Amino acid sequence: MVVEGFFDCLRVSQAGFGSVVALLGTELYEHPAQLLRDRFSRVLLLLDGDEAGRLARDRVAACLRDRCEVRVIELTEGVQPDQLPDGELRRLIEKEVGATKVLRG
């Protein structure tokens, strides 16, 4: 799972999902992108529910989808993963994992 920030990463991990990394912003640079493409056949994006998060989602998906499946958990406008309580975040992820939107080229 890929999130935007350090605290998003901590909250997702605390909610029980250990395979999570943070962009530490809204860009995915070439070296981290290559690591994700080389190691995972599927990447789940959980970026902030604002305009910057949606734009980042599209850029990150475009960067990764040539070598792996990219799925998205969309948050409502203004919601950030680190602002959600662990239980709510866990339920959101568990609910969405089976029915996430696949971004294709």
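Phe 7 is exposed, at 53% relative accessible area (exposed means over 50%, buried under 20%, partly exposed in between, with a 1.4 Å probe and protein chains only). Before going on, note that this is a predicted model, where local features need pLDDT of at least 70, side-chain atom pairs count only at pLDDT 80 or more, and totals for chains, interfaces and linings use all residues. Residues are numbered from 1 along each chain as its sequence is written, and side-chain values use heavy atoms, with hydrogens and water left out.

Searching the whole structure turns up 1 aromatic pair. Phe 6 and Phe 7 have ring centres 5.5 Å apart and planes at 75 degrees, so this one is edge-to-face (rings of Phe, Tyr and Trp, the last by its six-membered ring, pair with centres within 6.5 Å; planes under 30 degrees apart are stacked, over 60 edge-to-face, the rest tilted).

Leu 10 sits in helix α1, residues 6–14, and is partly exposed at 35%. Helices (H or I, at least four residues) and strands (E, at least two) are DSSP runs numbered from the N terminus.

Ala 22 belongs to strand β2, residues 21–22, and is partly exposed at 26%. Leaving out neighbours within four places in sequence, Ala 22 contacts Val 3, Glu 4, Gly 5, Phe 6 and Cys 9 (contact means heavy atoms within 4.5 Å).

The largest nonpolar core holds 15 residues, and Leu 28, Leu 45 and Leu 64 have the most contacts inside it. A core here is a set of buried Ala, Val, Leu, Ile, Met, Phe, Trp, Tyr and Cys residues joined through side-chain atoms within 4.5 Å. At least two residues come from each of α2 (30–39), β3 (42–46), α3 (51–64) and β4 (69–72), with α3 giving the largest share, 4 residues. Apart from this core lies another, of 14 residues, including Leu 44, Leu 46, Leu 75 and Leu 89.

Setting aside residues up to four places away in sequence, Leu 64 touches Leu 28, Ala 33, Leu 36, Arg 37, Val 43 and Val 70.

## Salt bridges

The whole structure has 8 salt bridges (a side-chain nitrogen of Lys or Arg within 4 Å of a carboxyl oxygen of Asp or Glu). In one of them, Asp 86 meets Arg 11 at 3.3 Å, N to O. Asp 86 lies in helix α4 (residues 86–97) and Arg 11 in helix α1, so the bridge ties together parts 75 residues apart in sequence. Asp 86 is partly exposed at 24%, and Arg 11 is partly exposed at 22%.

Arg 37, which is buried at 8%, pairs with Glu 30 at 2.6 Å, N to O. Asp 58 bridges to Arg 57, with the closest N and O atoms 3.0 Å apart. Asp 58 is partly exposed at 38%, while Arg 57 is buried at 13%. Through shared partners, Arg 57, Asp 58 and Glu 74 join into one salt-bridge network.
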